[in-house]
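Dear colleague,

Please find below the structure that I am handing over to you, together with its sequence. My findings follow directly after it.

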Amino acid sequence: MGDSSDDRNPADGETPLHRVTLDEFEIDATTVTNAAFACFVDATGYRTEAETFGYSAVFHLAVAAPDDDIVGRPPGTPWWFGVRGADWRHPGGSRSDLDGLDDHPVVHVSWNDAIAYCAWADRRLPTEAEWEYAARGGIDGAKYPWGDAEVDESAWRANIWQGVFPHENTLEDGWLTTAPVRTFEANGYGLWQPVGNVWEWCQDWFDPYTYERGAGTNPAGPDTGTVRVLRGGSYLCHISYCNRYRNSARSQNTPDSSMGNAGFRTVACTKSQA
C-alpha cells in the first residue's frame with residue numbers, strides 16, 4: 001500500500017510504502033447505484049442526512065435550484081454551494097431529479113447513510129486496505145487501476161475534470177458530473193471506476209500518520225477519530241487542483257457530510273463481521 005509514483009499529497013499520509021496481509025474478501029464491482037439505493041429507501045423509509053438537514057453540497061456548475069435555495073459557499077472552496085433541497089433524489093437541487101440516472105452512482109450520501117444501507121443489505125464498507133488492494137486490480141505498485149499510463153493516454157480511462165478547473169470543463173470524457181457505473185473499462189479484478197466518478201467511503205477513521213505506525217494483517221485504521229476515509233477521487237479531480245484519482249490517494253470528511261461527488265461500494269460480511 002501507499003504511493004510509489006511521487007505524485008503523493010504529503011498531508012494525506014500516502015507513505016511510507018508498506019506491505020499488508022488481507023483475508024479473502026468479496027467487493028462490489030461498482031459503486032451503489034441510485035436504483036439500488038432506492039430499493040433500500042423503499043423497503044425501510046430511510047431518510048438520508050442531507051434530507052434531514054435540508055441541504056447538501058453541490059458543485060456550482062451542477063446546481064439546478066432557485067438562487068434562494070443557495071444557503072452558503074465555503075470560503076476555501078467557493079465552487080461548492082450549500083443547496084437547500086439537494087439530496088440523493090435531487091442531486092443538483094430542487095429542480096433536478098433522477099430521470100435517466102438509475103445506473104449512476106448514488107451521491108449526497110454520508111458515511112452514516114452508507115452504514116445504514118450496509119446494515120439493510122447485510123454488507124459492510126471496505127476497509128481502506130481492502131479498497132486499495134481491489135482498486136489495484138492485481139497490478140502491484142501501479143499508479144492507476146489500469147497501470148501507469150496517464151488517464152487521457154490514447155483514450156479517457158476515468159471520469160475526471162477536463163479543462164480549467166473550476167470554471168471550464170470541456171467534457172472530453174462525456175460527463176460533467178457522474179457517469180454510469182459501468183463506464184470505461186473494469187480493472188483486472190472486475191471493478192469499474194475505482195478512481196474518478198465519485199469518492200468512495202471506507203470503513204476506517206482517517207489519520208495522516210496511519211502508515212507510519214505499521215500495518216500487519218487486516219488493518220482497520222485507528223480506533224477513534226473525527227473524520228472517515230474517502231478513496232478514489234471524483235469527476236472534479238484535476239491535476240491542477242486534486243490529483244487524487246490514483247490508487248494510493250487518500251482523503252477524508254466527517255461522517256455526517258454529504259456532497260454531490262461521493263458514494264460508496266460494499267463488501268460481503270463474514271460471520272465474524274456481521
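In this predicted model, Phe264 touches Thr31, Val32, Phe37, Val106, Val109, Ala114, Tyr117, Leu125, Trp199, Glu200 and Trp201, leaving out residues up to four places away in sequence. A second, separate core of five residues has Val58, Ala65, Phe81 and Ala86 among its members.

Phe264 also belongs to the largest nonpolar core, which has 40 residues; Phe264, Phe37 and Trp201 are those with the most contacts inside it. Two or more residues of this core come from each of helix H1 (34-44), helix H3 (111-121), helix H4 (128-136), strand E8 and strand E10 (228-231). The greatest contribution is that of H3, with four residues.

Helix H4 deserves a separate paragraph. Because eight of its nine residues are buried, H4 is largely enclosed by the rest of the structure. The buried residues are Glu128, Ala129, Glu130, Trp131, Glu132, Ala134, Ala135 and Arg136. They pack against strand E1 (20-21), strand E5 (123-124), E8, E10, strand E11 (250-253) and strand E13 (267-268). Just after H4, Gly137 adopts a positive phi of about 60°.

I turn next to the open sheet of three strands, whose order is E2-E4-E3 and whose pairing is antiparallel. Strand E2 (55-59) and strand E3 (70-72) are the edge strands, each pairing on one side only. From one strand to the next, the twist averages 45°. Five bridges join E2 to strand E4 (residues 80-84) in the antiparallel sense. Within E4, Trp80 is the bridge partner of Phe59.

Is Asp207 buried or exposed? Its relative accessibility is 16%, and since buried means under 20%, Asp207 counts as buried. The side chain of Asp207 makes a polar contact of 2.7 Å with the side chain of Arg213. When neighbours within four places in sequence are set aside, the residues in contact with Asp207 are Arg213, Pro222 and Arg250.

- Phe37, Trp201 and Phe264, in the largest nonpolar core;
- H4, with eight of nine residues buried;
- the side chains of Asp207 and Arg213, joined by a polar contact.

With kind regards

Definitions and conventions
Residues numbered from 1 in each chain as written. Predicted model: local features only at pLDDT ≥ 70, side-chain atom pairs only at ≥ 80, totals over all residues. Heavy atoms only, no water. Buried < 20%, exposed > 50% of the residue type's maximum accessible area, 1.4 Å probe, protein only. Polar contact = N/O pair within 3.5 Å; in protein donor to acceptor, adjacent residues only side chain to side chain. Contact = heavy atoms within 4.5 Å. Core = buried A, V, L, I, M, F, W, Y, C linked by side-chain atoms within 4.5 Å. Pairing = 2+ DSSP bridges. Axes fitted to C-alpha atoms, helices over the stretch in contact; angles between N-to-C directions.
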